[in-house]
Amino acid sequence: MRRTRLLLPTLRETPADAEAPSHVLLVRAGFVRPVAAGVFTALPLGVRTLRRIETIVREEMDAAGAQELRMPIVVPADPWKRTGRWEAYGEEMFKLRDRAGRELGLAPTHEEVVTLLAGAELRSYRDLPANLYQIGWKYRDEVRPRFGLLRGREFLMKDAYSFDRDEEGLRRSYEAMRAAYRRIFRRCGVEVREVEADAGLIGGQVNHEFLAPAGVGEDLFVRCDACGHAADLEAAAVGGLGAGAAPGPVAATGQPVPGAAPLVEVQTPGCATIEALSAFLGVPAERTLKCMLYDAGGAPVAVLLPGDREVDERALARALGREVRPFTAQEFEAHGLVKGYVGPQGVPEGIDVLADPAVAAGLDWVAGGNQPDVHATGVAPGRDFRIDRVLRVARVRDGDPCPACGGPLAIARGIVVGHVYQLGARYAEALGATFLDEDGAERHHVMGCYGVGISRVMAAAAEQHHDEAGLRWPRALAPFDVLVLPTNMDDPDVLRTAGELEAGLAAAGLDVLLDDRLVAAGVKFADADLIGVPVQVVAGRRGLSAGAVDLKVRATGERAQAPVGETVAAAVRALAAAP
Ligand code: ATP
Ligand code: MG
């Protein structure tokens, strides 16, 4: 391919309103152009890279036994209403009407369409298991389309749906997809962490996210570098204690506790916050006891945790299996509690007391005194207050112990590039998708669904692989394998050699771009680094006079010279060794 025949407009300046490095670079390097918020045209280079990702994904899906379909973008509202998602998706779904007034939507995902297909076509246990996938455009009217391709309103996704006879089959299909995903991201050269994700309030389905660590990532996760454990923040908070490790409830006995100081009330005027209290009494925040009150699905709960910790409300909701919201002023009043001065010793019967393990293990807390401007010191669990349940719902912090090995956890940011879910039978039940089992019984299909954000992978790869000069594509995703740069366009020798190299590299099976523009060498070099093709071959007058060309590996900056006759072999080797 000749650069003068290619629509490859590069830009010097950073485009306005592009914040993420991938967004800036994919526009500057001529991969995409914006059309509307979260909507892009892919230019030829963008198409090439997207196609390479698609090819890897397609090969791995096919190898895992999945079959490719193509489902429509425009979908009828009715099945979405039957699953409740017409409402649940709300404004995130683009909705329209046809000329007869029928309601339609642009599909943000395809569970409804594929479940109806399975109900119609996968009628016998002999048809199962089946895994159906497609690669296509998805539409979501995201609240905040941002970071270019990372969060678009139109984006390319691979979505796969597995259908099994039972839960055991689902688990097998699920594991096969997880394994395929690991191969996909490894082959793409995108580093990922596989994270056990929020199971959601309803259903508690198992699901895992594949997170590409990157500074612009919108998802926080925790990782332990000692043992490789990774989890999303809420899962880390809830799972942190490990099954069976939690102490049981503690009754308030009023009996002395060995080693505990007596409870003493102290005047603390205007100390309604932990900071004020800690400064006033000169005690560190972690020795004060925070008592947070919530309405949890209609039932009041008090959450006790050290004053330097925050409640992870999503983790709390998940642990309780109910929605939670903080108490209103009226609720504090109705329960006879003084906001800012609640201590667990004054929490009335009828409010469940949930305590962080650190609270249960402590002896000598500084807590609210249950009247304005009063706190109590020497507050001890068991003697002064009860604990109905020990629960770890404090937000995880850097350095907290890893639940798997005790090593220090680190909080990191990642981009969700893939997500796998065990859905179970709820779509099949809502849409009446059944098959006949061996014993003649009609059963619902048991489903899993599996997504890879193809266009997001392109951006995530750009986030992970770039420097100040531009993109540094991993070999597998680069739009071309080799870029040939003739630097003296007025020299017939240079032009002839560049042409021969182009032909030789192509004959060796490489995708070659020849920069045949009549521009200064410096411009070509800058563009070459910006576009990020893995191997650059520079043919210049000076080198050729000694019979040599220069090679540069973009990712490492390594340079080498090769005799003209050995350039093709050297480029093939350099590419094979490139990241
Ligand atoms: P997110 O939490 O980022 O909104 P999601 O849970 O809504 O993701 P899924 O419905 O699981 O995403 O979609 C499958 C995959 O599609 C995601 O893992 C992600 O890679 C990709 N994806 C989702 N939304 C977008 C988007 N707006 N732009 C680009 N890719 C997206
Ligand atoms: Mg989303």
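The text below describes a predicted model, beginning with the ligand and then turning to the pocket.

**Ligand 1**

Around ligand 1 there are 15 residues, and those that come nearest are Arg-140, Glu-142, Arg-151, Gly-152 and Val-416. Some of the atom pairs between protein and ligand are set out in the table.

| Protein atom | Ligand 1 atom | Distance |
|---|---|---|
| Glu-142, polar side-chain atom | nitrogen | 2.8 Å |
| Val-416, backbone N or O atom | oxygen | 3.0 Å |
| Val-417, polar backbone atom | oxygen | 3.2 Å |

Two elements, strand E8 (154-164) and strand E21 (409-424), each give two or more residues to the shell around the ligand, and the largest share, 5 residues, comes from E21. By class, the shell around ligand 1 is made up of 7 nonpolar, 4 polar and 4 charged residues.

**The second largest pocket**

The second largest pocket holds about 460 Å³ of space. Its lining consists of 23 residues, and Ala-272, Lys-290, Cys-291, Met-292 and Gly-340 are the ones that lie nearest the centre of the pocket. At least two lining residues are supplied by each of helix H8 (274-281), strand E14 (289-296) and strand E18 (365-368), while E14, with 5 residues, gives the most to this lining. When the lining of the second largest pocket is divided by class, there are 14 nonpolar, 5 polar and 4 charged residues.

Key
Residues are numbered from 1 along each chain as its sequence is written. Chains are lettered from A and ligands numbered from 1 in the order in which they are written. This is a predicted model: local features need pLDDT of at least 70, side-chain atom pairs count only at pLDDT 80 or more; totals for chains, interfaces and linings use all residues. Side-chain values use heavy atoms; hydrogens and water are left out. A residue is near a molecule or strand if one of its heavy atoms lies within 4 Å of it. A polar contact is a pair of N or O atoms within 3.5 Å; within protein, one must be able to donate a hydrogen and the other to accept it, and residues adjacent in sequence count only if both atoms are side-chain atoms. Helices (H or I, at least four residues) and strands (E, at least two) are DSSP runs, numbered from the N terminus. Ala, Val, Leu, Ile, Met, Phe, Trp, Tyr, Cys and Pro count as nonpolar, Asp, Glu, Lys and Arg as charged, and the others, Gly among them, as polar. On a 1 Å grid over the protein atoms alone, a cavity is a set of points where a 1.4 Å probe fits but cannot get out, and a pocket is an open set with protein on both sides within 12 Å along at least five of seven lines; lining residues have an atom within 4 Å of a point. Grid points are joined across faces, edges and corners, and a volume is the space filled by probe spheres set on the points.
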